[in-house]
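Biologist: Thanks for sitting down with me! Could we walk through this model together, one packing question at a time?

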Amino acid sequence: MADLDKSKLLYENLCALTNRDYPEKGKQLKDLDTPANVVYFHQMIRNCDKMIETALLHNMEMRPMIKTHKTIEGAIYQLHGSNIVNVPFEDFISTSQITVSTMTEAYFYASYGFKNILYPYSTTEDKLIRAINIESQFGTEISITIENSDVLDQVLEFTEMKNVDFKVYVDIDPNEHRTGLDPEDSEGIEIVKRIISSQHLEFYGLYVHGGHSYESHNPQEIKKCSIEESEMVLSFKTYLENQNISVGTVAIGSTPTASHPATELMQQITEFHPGNYIFYDTHQANIGSCSFKECSNVIITRVISRYKGSHKRLLIDAGALALSKDLGASHTGYKQYGVIVGHPELKISSISQEVGIVVAADGEELVIDQYPIGTMLKIIPNHSCMSNYCFDHVYVADDEDNVIDEWVTCPRHY
């Protein structure tokens, strides 16, 4: 069973942290070894509250994706935001539904008492085995998605052989052509019918992730993607209902489309699963999901060397294993490995495994003497999900750069 004592202690600590107006002075960001992963607490809370408000306004249940931060604390704030202080621990445990990106994450969150977890990718036998082991060990319900007949065949064979049951979302492709079935293909309704007729599967609803919105250039294009995302899943819902098939849950929500929702359609949506919004990043800011001021996550780094010759540059101790090599919204013309906060004259032009190269931004001049060895810089990562994957904990800071907490992230693989 889950260790609810450690979960309750953590939950109570977060309630106290949320209520604390002036955190005790202690360690500051300047005292940390670099590179280090930092989230600004108050901006993170604002991001969570804003998304919760969107869900409440349209009577949707939150089922946030947690892969961006991979922390128990972050998931709790995604579910309750600043209202955490008004939610009894027992109520939280009974309503703690999330979306994960790996079965390792499912295990980690289940061990802390999370009761309702969706794994939104196609499942192979090894993942199904882990799912039933997690359910058996912690009493957590693991739901899965199915998107084509091949996947369904394997799931049916497995559940019949093991005599186990799963709730199933049918994954819809929003014209991204990454995952999901084509709702206009006749295979779609046949998959749903086969799920319904199965002895071991329950057709729980429809799932769509508007990932195509990440190729947008501005909020207007994001809004168009948001409308497409909702219209596509709702059209398939109507089609199923016209075939006398009841659809209980309709789940949507990439961070861009959730940040600019199709408000005229949202009353028909029941579940909301964005994730990156808790931190945001340069990709989200560059396409218009948020402003750079709303990015709550930074990687702090130090200047470890500098070069005054014909190739002026700074060397920093944040490379690919701190920032990742994700180029972010490169389709917009953006070409650097993160944005250095407060220094528009600088850009990260290249990175290797452990270090990065900082040069003058286009049209700017790099004045080397302004950056002594040891100078600390803050970088908004291009893709906060991937940069956070590089760290085993997150430092939590207030607006004055005081370190007020430290959150452990989910182990990567076990």
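**Helices, sheet and strands**

Modeller: Happy to, and keep in mind that this is a predicted model. Helix H6 (residues 125-138) packs against helix H7 (residues 149-162) at an angle of about 45°, and their axes are 11 Å apart.

Biologist: Is H6 parallel, perpendicular or oblique to H7?

Modeller: Roughly parallel needs an angle under 35 degrees, and roughly perpendicular covers 65 to 115. The angle here is about 45°. H6 therefore counts, relative to H7, as oblique.

Biologist: How many residues of the contact of H6 with H7 are nonpolar?

Modeller: From H6 come Glu 125, Leu 128, Ile 129 and Ile 132, which meet Gln 154, Val 155, Phe 158 and Met 161 in H7. One residue of this contact is polar and one is charged, while the nonpolar ones number six.

Biologist: Let's turn to the open sheet of eight strands. Which strands stand at its edges?

Modeller: The order is E2-E9-E8-E7-E6-E5-E4-E3, with parallel pairing. An edge strand has a single partner, so one side of it is left without a neighbour in the sheet.

Biologist: Which residue in E5 stands opposite Asn 116?

Modeller: Strand E4 (residues 116-119) runs parallel to strand E5 (residues 141-146), and four bridges join them. Helix H5 (residues 103-111) packs on the sheet, touching E3, E4 and E5, and its direction makes about 175° with that of E4. As for Asn 116, the residue opposite is Glu 141.

Biologist: Now strand E1 (residues 36-40): how many of its residues are buried?

Modeller: On one side sit Ala 36, Val 38 and Tyr 40, and on the other Asn 37 and Val 39, with both faces covered. Of the five residues in E1, the number buried is five.

Biologist: Which residue in E16 does Val 39 stand opposite?

Modeller: E1 has an antiparallel pairing with strand E10 (residues 297-307) through four bridges, where Val 39 stands opposite Asn 297. With strand E16 (residues 393-397), E1 pairs in the parallel sense over three bridges. There, Val 39 stands opposite Val 396.

Biologist: Last one: is Ser 94 buried or exposed?

Modeller: Ser 94 lies in helix H4 (residues 89-94). The cut-off for exposed is over 50%. Because its relative accessibility is 55%, Ser 94 counts as exposed.

Note on methods:
Residues numbered from 1 in each chain as written. Predicted model: local features only at pLDDT ≥ 70, side-chain atom pairs only at ≥ 80, totals over all residues. Heavy atoms only, no water. Axes fitted to C-alpha atoms, helices over the stretch in contact; angles between N-to-C directions. Helix = DSSP H or I, 4+ residues; strand = E, 2+ residues; numbered from the N terminus. Parallel < 35°, antiparallel > 145°, perpendicular 65-115°, else oblique. Contact = heavy atoms within 4.5 Å. Nonpolar A, V, L, I, M, F, W, Y, C, P; charged D, E, K, R; others polar. Buried < 20%, exposed > 50% of the residue type's maximum accessible area, 1.4 Å probe, protein only. Pairing = 2+ DSSP bridges.
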